[in-house]
Amino acid sequence: MKTALSQLDVVRPRNLDHALRLLHESLGEERLVPLAGGTDLFVYLHAGTLGAKRFLDLAPLNELAGVRAGKDGLAVGAMTTFDAIARHRACADWPMLPQAARVVGAAQIQNRATIGGNVANASPAGDSLPVLLAYDAAVRLASVRGERTLPFAELYTGYRQLAMEPDELITGFVLPPRTPGAHERFRKVGTRAAQSISKVVFAGVLHSWRGGVDLARFAWGSVAPTPVRSRAAEHALLGRPASPDVARDAVNALSRDLSPIDDIRSDAGYRAAVANALLAQFLATAHRSFRSR
Ligand SMILES: Cc1cc2nc3c(=O)[nH]c(=O)nc-3n(C[C@H](O)[C@H](O)[C@H](O)COP(=O)(O)OP(=O)(O)OC[C@H]3O[C@@H](n4cnc5c(N)ncnc54)[C@H](O)[C@@H]3O)c2cc1C
């Protein structure tokens with residue numbers, strides 16, 4: 001049954017410190033649920049699957065919004081919307097980020113949905129997750145005890161399980177400087193171009209130096225309980241020349257990395273076939289681009 005909105009309580013903090021204190025204090029009673037753009041939470045409220053009645057509005061926290069590029073890389077606040085990411089000039093230097101932002105839902109969703117909400121919601125189909133993994137990003141977390149930074153690769157401990165304390169907020173993400181000359185590509189496969197939850201998401205970074213691959217990071221969504229790197233496929237490439245034979249070895253190794261399932265959006269066999277095709281295509285394009293240099 002739909003949740004009646006009149007029964008809900010939304011608390012508006014003055015700033016981040018206030019928000020963290022309110023969140024911490026609420027653990028003794030009913031935990032406040034952080035509310036960002038609401039594009040996931042309102043779906044759960046509409047479906048009546050969210051028991052929570054008290055929410056912590058993150059909208060007033062200007063500290064959590066915005067993008068800044070510096071020598072440490074790109075800092076993206078948790079409350080930055082996908083529309084802002086798609087438009088921000090600095091994000092263009094990490095091209096898979098705006099590419100993913102432009103295919104989250106459609107314009108209406110991109111105007112409200114935040115990257116922090118996408119990550120905290122922890123759906124294996126979340127489009128920004130493989131991008132953060134492929135760029136080897138870090139997650140910034142804050143609580144009344146202070147701040148800490150966690151490699152994005154360590155954030156998910158199981159299906160929709162995060163290595164976060166109940167009174168922590170995600171404040172943002174840091175994407176390290178990119179490797180010059182690396183080949184990168186984001187791909188989302190769904191039923192249509194917009195308003196489509198992914199059947200397979202791929203974000204890949206490959207770099208070759210003096211004839212041998214020295215960097216390979218392939219991250220996947222919708223093919224395992226959490227976003228995953230395909231380590232076996234990556235290892236099949238490292239130290240070897242980017243050639244069609246080596247690419248075949250990497251694609252063959254992929255089945256050891258992914259564990260797709262059948263669900264309402266797709267089936268395991270289709271997802272595995274699509275993943276193989278995406279990697280083969282990515283490696284063929286990378287190979288051509290390295291040869292033309
Ligand atoms: C029609 C439609 C289409 C969609 N299409 C896509 C799509 O194509 N691809 C895709 O990836 N997603 C899609 N989504 C899902 C959704 O838009 C994203 O997951 C969105 O990024 C969530 O962000 P939000 O700001 O709306 O989060 P909210 O709904 O406000 O929150 C989501 C969860 O994150 C928690 N949370 C939010 N911010 C923080 C924070 N800073 N710290 C700690 N916890 C936090 C909340 O408590 C909640 O549990 C779609 C949703 C709809 C309704």
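Which residues does Ser123 touch, not counting residues up to four places away in sequence? The last legend returns to this. The structure is a predicted model, in which local features need pLDDT of at least 70 and side-chain atom pairs count only at pLDDT 80 or more, whereas totals for chains, interfaces and linings use all residues. Residues are numbered from 1 along each chain as its sequence is written, and side-chain values use heavy atoms, with hydrogens and water left out.

View 1. A polar side-chain atom of Asp40 lies 2.5 Å from an oxygen atom of the ligand, and one of Thr39 lies 2.6 Å from a ligand oxygen atom. Leu41 contributes a backbone N or O atom, placed 2.9 Å from an oxygen atom of the ligand. Taken alone the ligand exposes 990 Å², of which the protein buries 88% (accessible areas from the Shrake-Rupley method with a 1.4 Å probe).

**View 2. The shell around the ligand.** The ligand is surrounded by 32 residues, a residue being near if one of its heavy atoms lies within 4 Å. By class, this shell has 18 nonpolar, eleven polar and three charged residues. Helix H6 gives the most to the shell, with four residues; helices here are DSSP runs (H or I, at least four residues) and strands likewise (E, at least two), numbered from the N terminus.

**View 3. Helix H1 and its packing.** In H1, which spans residues 16-26, the buried residues include Leu16, Leu20 and Leu23 (buried means under 20% relative accessible area, with a 1.4 Å probe and protein chains only). The buried residues of H1 pack against strands S1 (9-11), S3 (54-57), S6 (138-143) and S10 (169-175).

**View 4. The largest nonpolar core.** Of its 42 residues, Leu74, Leu97, Val119, Phe152 and Leu175 touch the most other members; a nonpolar core is a set of buried Ala, Val, Leu, Ile, Met, Phe, Trp, Tyr and Cys residues joined through side-chain atoms within 4.5 Å. The largest share of this core, five residues, comes from helix H7 (residues 128-134). A second, separate core of 31 residues includes Val189 and Leu254.

**View 5. Ser123 between two helices.** Ser123 lies in the loop between H6 and H7, and counts as buried because its relative accessibility is 17%. Leaving out residues up to four places away in sequence, Ser123 touches Leu129 and Arg160, where contact means heavy atoms within 4.5 Å.

Methods: Buried means under 20% relative accessible area, exposed over 50%, partly exposed in between (1.4 Å probe, protein chains only). A polar contact is a pair of N or O atoms within 3.5 Å; within protein, one must be able to donate a hydrogen and the other to accept it, and residues adjacent in sequence count only if both atoms are side-chain atoms. Ala, Val, Leu, Ile, Met, Phe, Trp, Tyr, Cys and Pro count as nonpolar, Asp, Glu, Lys and Arg as charged, and the others, Gly among them, as polar.
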